[in-house]
Amino acid sequence: MVSNFNLQESHRKVLFCLLAAVCLLPGITSPLALILGFILANLGWLPAEWEIGKFTKKLLALSIVGLGFGIPLQQAISISTHNLPLILGSIIFTIAFGTLLTKLLHLEQRTGHLIACGTAICGGSAIAAVAPAINAKSEQTAIALACVFILNSIALFIFPVIGHLLALSQHEFGVWSAIAIHDTSSVVGAASAYGEEALKTATTIKLARALWIIPVAALSAMAFGGKGKLVLPSFIIYYCLAIAITSLLPQGQALYQLLFAAGKKSLVVCLFLIGCGITLKKLRTHGRGPLLMATILWVAIGSGSLLSVLLLE
């Protein structure tokens with residue numbers, strides 16, 4: 001799906017900026033923003049001179065910090081502690097099951113481990129943190145990221161639909177999406193489409209889950225020889241700081257609500273940027289084995305966590 005109509009670089013930049021600005025409009029949802037980016041990428045109309053991937057990471061980090069200003073500290077603590085068994089249980093199960101699937105499907109060990117960690121914790125962020133800890137090659141990291149991005153894109157569309165079909169409450173959907181969807185961006189995108197309470201619940205649980213990057217990366221480094229290095233995404237620290245500020249300085253509520261709203265809108269732009277990184281060529285490049293493993297893991301944790309939410313919440 002590559003366009004025969006080539007645009008000049010200056011025209012590509014203008015079109016890219018216009019579509020990014022369109023994503024700030026009220027009627028543009030996260031799934032629609034993802035589709036716009038996907039179409040632009042597959043037409044070959046992305047600005048060649050801009051490093052969109054780096055900008056995406058920075059904007060996503062700022063968006064998540066902005067969301068922290070809309071979540072009260074006591075609510076964050078309550079939600080996180082109440083769902084701790086589900087968070088920890090899902091992480092242990094996913095990594096263990098992923099290790100088994102890696103052997104059964106005869107996949108490269110580091111690739112399988114990255115997919116398992118990405119599914120277990122927080123998608124691309126977990127993969128980016130664990131990859132240097134196990135000295136993974138760039139190709140292994142790219143394959144794991146590609147699998148996660150594909151399933152994230154699907155989740156963004158189908159989770160809200162399933163939630164409405166099953167008449168899940170805002171809280172139930174927030175818990176389920178935080179456990180079953182990989183990347184924080186897609187969790188927040190799906191939850192925001194479901195409702196504001198679902199958004200707050202999902203963001204809180206997802207980032208509480210993301211804190212497990214630290215012990216998982218450390219254990220991964222030990223399991224693969226202990227010569228790698230640990231990397232903690234800084235946005236987790238700033239997100240926790242934002243929540244603390246809203247509690248310690250309650251007189252700034254008007255400003256906090258503006259920052260929270262800005263975080264939600266900029267996240268839609270993030271989904272547009274993520275869509276710009278997904279092309280049909282990339283999807284065809286990698287073998288079926290890693291994607292099959294990622295899909296089986298995703299279905300297992302998605303169905304298992306949904307059952308847990310329905311029975312326990």
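Visitor: Is E49 buried or exposed?
Guide: E49 counts as exposed, because its relative accessibility is 58%. The cut-offs are under 20% relative accessible area for buried, over 50% for exposed and partly exposed in between, with a 1.4 Å probe and protein chains only.

Visitor: Before we go on, where do these values come from?
Guide: This is a predicted model, in which local features need pLDDT of at least 70 and side-chain atom pairs count only at pLDDT 80 or more, while totals for chains, interfaces and linings use all residues. Residues are numbered from 1 along each chain as its sequence is written, and side-chain values use heavy atoms, with hydrogens and water left out.

Visitor: OK, which residue forms a salt bridge with E49?
Guide: K13 does, and the closest N and O atoms are 2.8 Å apart. A salt bridge here is a side-chain nitrogen of Lys or Arg within 4 Å of a carboxyl oxygen of Asp or Glu.

Visitor: And what does that pair tie together?
Guide: E49 lies in the loop between α2 and α3 (52-68) and K13 in helix α1 (residues 9-22), so the pair ties together parts that are 36 residues apart in sequence. Helices are DSSP runs (H or I, at least four residues), and strands are too (E, at least two), numbered from the N terminus.

Visitor: What else is in that loop?
Guide: A48 is found there, in the loop between α2 and α3. A48 counts as exposed because its relative accessibility is 63%. From C-alpha to C-alpha, A48 is 7.1 Å from E9, although 39 residues separate them in sequence.

Visitor: How many salt bridges are there by this rule?
Guide: Two. K200 also forms a salt bridge, with E196, where the closest N and O atoms are 4.0 Å apart. K200 and E196 are four residues apart in helix α11 (residues 196-210), so about one helical turn separates them. K200 counts as buried because its relative accessibility is 19%, whereas E196, at 41%, counts as partly exposed.

Visitor: New topic: which residues form the nonpolar patch on the surface?
Guide: L32, I35, I39, I154, F157 and I158, with about 430 Å² of accessible area together. Patch residues have over 30% relative accessible area and no salt bridge; like charges are joined within 9 Å, and nonpolar side chains (Val, Leu, Ile, Met, Phe, Trp, Tyr) within 5 Å. Areas come from the Shrake-Rupley method with a 1.4 Å probe, and for residues only the protein chains shown count as cover. Helices α2 (30-42) and α8 (138-165) each supply at least two of the patch residues.

Visitor: Which helix gives the most to the lining of the largest cavity?
Guide: α8, with three residues. The lining residues include L34, F149 and D183.

Visitor: And what volume does the second largest pocket have?
Guide: About 310 Å³. Of its 19 lining residues, I95, T99, H113, S220 and F224 are the closest to the centre. Helix α5 gives the most to that lining, with eight residues.

Conventions. On a 1 Å grid over the protein atoms alone, a cavity is a set of points where a 1.4 Å probe fits but cannot get out, and a pocket is an open set with protein on both sides within 12 Å along at least five of seven lines; lining residues have an atom within 4 Å of a point. Grid points are joined across faces, edges and corners, and a volume is the space filled by probe spheres set on the points.
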